[in-house]
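Dear colleague,

I am passing on the structure we talked about, and below it you will find my notes on what turned up. Please read them with the structure open beside you.

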Amino acid sequence: MLAPVPPSAEPIIDVSWFDLGLAAMLVLVAVAISAWQRIGLARGFVVGAIRAVVQLVLVGYVLVYLFAVDRWWLVLLALLVMLAAATKTSTDRVDAPRRVILPITSTAMLVGTGLTLVYVAAVVLQLENWHNPRYLIPLFGMITGNAMNGAALAAERLGSEMEARRAEVEAYLALGASPARASADAVRRALAAALIPSVNGLMVVGLVTLPGMMTGQILAGASPLLAVRYQIVVAFMLAGAVAATAAIVVLWYRKRFFTAAEQLRG
Amino acid sequence: MEETVSSAGGEFLLRDVVQEKHGARLLDGVSLALPGREVTALIGPSGAGKTTLLRLLDRLDDPVSGAVLFHGRPVTEYPVRELRCRIGFVFQTPVMFPGTVADNLRIAAELAGPERVPDSGQGGWIGELLRAVELDPAIYAERDAGRLSGGEKQRVSIARALATRPEVLLLDEPTSALDPEVAERLMGTVARLNRERGHTTVMVTHRLAEARDFSTHTVMLEAGRVVEAGPTRQLFENASNPRTRAYLAVA
């Protein structure tokens, strides 16, 4: 269990709407460069900036409400909405029929992210209030975001590996191999593709990147050492969640490439 | 009406087999008996259904209707992995597994299991298999399989298919990517293996000289149907069907 966040030594600088307007000048730099080089992204930057403001402000109000009412079912509902949005985004990125990939990704995301969140909340942080939204929602946001990328990478790579290795897989089947054995190399490569970003993340954290959560805590006045410990928890949590989700995706999705008679589909 | 290439009956029997893929009919009611311990060539123009038929024998695909029988039993009644160990399949484009030539043979032996390959724990069988396909074990056993020439890869695929001690060897245009001299030597090896090991061989070929010189029986397919089937010499010298005569004359 991590020590509570100590009170801030100095007051946090308020960011007013006027300040946000000043920050928007930086987006105008991107808009200007896009227009100057005629790369067709100026409109995208404007729409994206407006969407970011609207979405984040709405989320801010939702979080204020959730923190204020502190109802377990509302917290669970928020987590489910996050999970559904992440699952949809993940499946949209995979070139496979939705009826095939949706049950696989949604189950993998539910199990991979759910178990990770329960472990972190109950075992690592030992939350007294198990549905404390101040912890659960930001933690789950990070878990689902990473698991979403892992699931999409794993499924997409498995599909392309199975397509590219069709002749090899069939050569194994023709020798009497099980579908699991025949597709073992494709599965390994798909899993590796999904996990490499997690490994790289662990390697460079603190050197190349200062993660958003840690930066946010430091800005909010927490001790940098406590922020670091939280970040370590987050880094480990993301590695576990991505690995579990990607493993479920590839092991289940693999079966969809074979018939009951152990023949390659298509 | 069942076409037969042997009055003695077949190792394989196909009964009114229909196969379709993506809405196209690839085999249109094929009934055929393929003889045991002989070399049968499947010939015919592209799209005739030769490869489609061959794949059904190893259950790499199942027909949409009809039955394929192996030793009198539908292939669907055999455990599929056991069936595939008993039937070796050599693909048109040889696929080498990662590793050496010996690794490729070991993988096949491991998949077949100790019941079918009792001496796989000792090294001698690798040399024996390589010699059977006319590759010197001292030169080839430890070579990277991925770096071999097309002809060498095809010989390794035949050796790998033989590693499971199959009763049947199916070859899908094994010489299509090889130059004529290499192709002829490979077919000589196939014919010799058939004589020495006594397994049944069924091969798809576009090269009519291969069918004429190396097979004992020939089946002529066209548009998913059997046009004519019989002993190779009879079919080549005195084909009864005008379509067969026309194909042989043009090809």
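**Where chain A meets chain B**

Across the interface of chain A and chain B, six residue pairs are found in polar contact, with both residues of each pair at pLDDT 80 or more. Please keep in mind throughout that this is a predicted model. On the side of chain A that touches chain B, the elements that give two or more residues are helix 6 (166-174) and helix 7 (179-182) of chain A. Helix 6 of chain A gives the most to this side, with seven residues.

The count of salt bridges between chain A and chain B is two. Arg55(B) forms a salt bridge with Glu170(A), and the closest N and O atoms of this pair are 2.6 Å apart.

Taken as a whole, the contact draws 18 residues from chain A and 23 residues from chain B. About 1,800 Å² of area is buried between chain A and chain B, and carbon and sulfur atoms give 60% of that area. Of the area that chain A buries against chain B, Ala174(A), Leu175(A) and Gln263(A) supply 34%, which is more than any other three residues.

**Salt bridges within the chains**

A search of the whole structure finds 25 salt bridges over all chains, and I have picked out a few that you can follow by eye.

In chain A, the side chains of Asp92(A) and Lys88(A) meet in a salt bridge at 2.7 Å, N to O. Both residues lie in helix 3 (residues 72-92) of chain A, four residues apart, which is about one turn of the helix. Asp92(A) is partly exposed because its relative accessible area is 42%, and Lys88(A) is likewise partly exposed, with a relative accessible area of 45%.

Asp185(A) forms a salt bridge with Arg188(A), the closest N and O atoms being 2.5 Å apart. These two residues both lie in helix 8 of chain A, three residues apart, again about one turn of the helix. Asp185(A) is buried, with a relative accessible area of 16%, whereas Arg188(A) is exposed, with a relative accessible area of 52%. The pair also belongs to a network of salt bridges that links Arg157(A), Glu161(A), Arg165(A), Glu168(A), Asp185(A) and Arg188(A).

In chain B, Arg192(B) forms a salt bridge with Glu134(B), and the closest N and O atoms are 2.8 Å apart. This pair links distant parts of the chain, since Arg192(B) is in helix 7 (residues 180-197) of chain B and Glu134(B) is in the loop between helix 4 (124-132) and helix 5 (137-140) of chain B, 58 residues apart. Arg192(B) is buried, with a relative accessible area of 19%, while Glu134(B) counts as partly exposed at 43% relative accessibility.

**A buried threonine and a nonpolar patch**

Thr218(B) lies in strand 10 (residues 217-222) of chain B, and it counts as buried because its relative accessibility is 0%. The side chain of Thr218(B) makes a polar contact of 3.4 Å with the side chain of Ser215(B), and another polar contact, of 2.8 Å, joins the side chains of Thr218(B) and Thr232(B).

On the surface, Val199(A), Met203(A), Val204(A), Leu207(A) and Val208(A) form a nonpolar patch, with about 510 Å² of accessible area together. One of these residues, Leu207(A), lies in the loop between helix 8 (184-204) and helix 9 (212-219) of chain A. Leu207(A) counts as exposed because its relative accessibility is 72%.

With best wishes

Key: Residues are numbered from 1 along each chain as its sequence is written. Chains are lettered from A and ligands numbered from 1 in the order in which they are written. This is a predicted model: local features need pLDDT of at least 70, side-chain atom pairs count only at pLDDT 80 or more; totals for chains, interfaces and linings use all residues. Side-chain values use heavy atoms; hydrogens and water are left out. Patches are made of residues with over 30% relative accessible area and no salt bridge: like charges are joined within 9 Å, nonpolar side chains (Val, Leu, Ile, Met, Phe, Trp, Tyr) within 5 Å. Accessible areas come from the Shrake-Rupley method with a 1.4 Å probe; for residues, only the protein chains shown count as cover. A salt bridge is a side-chain nitrogen of Lys or Arg within 4 Å of a carboxyl oxygen of Asp or Glu. Buried means under 20% relative accessible area, exposed over 50%, partly exposed in between (1.4 Å probe, protein chains only). Contact means heavy atoms within 4.5 Å. Buried area is the accessible area (1.4 Å probe) that two parts lose on being put together, summed over both. A polar contact is a pair of N or O atoms within 3.5 Å; within protein, one must be able to donate a hydrogen and the other to accept it, and residues adjacent in sequence count only if both atoms are side-chain atoms.
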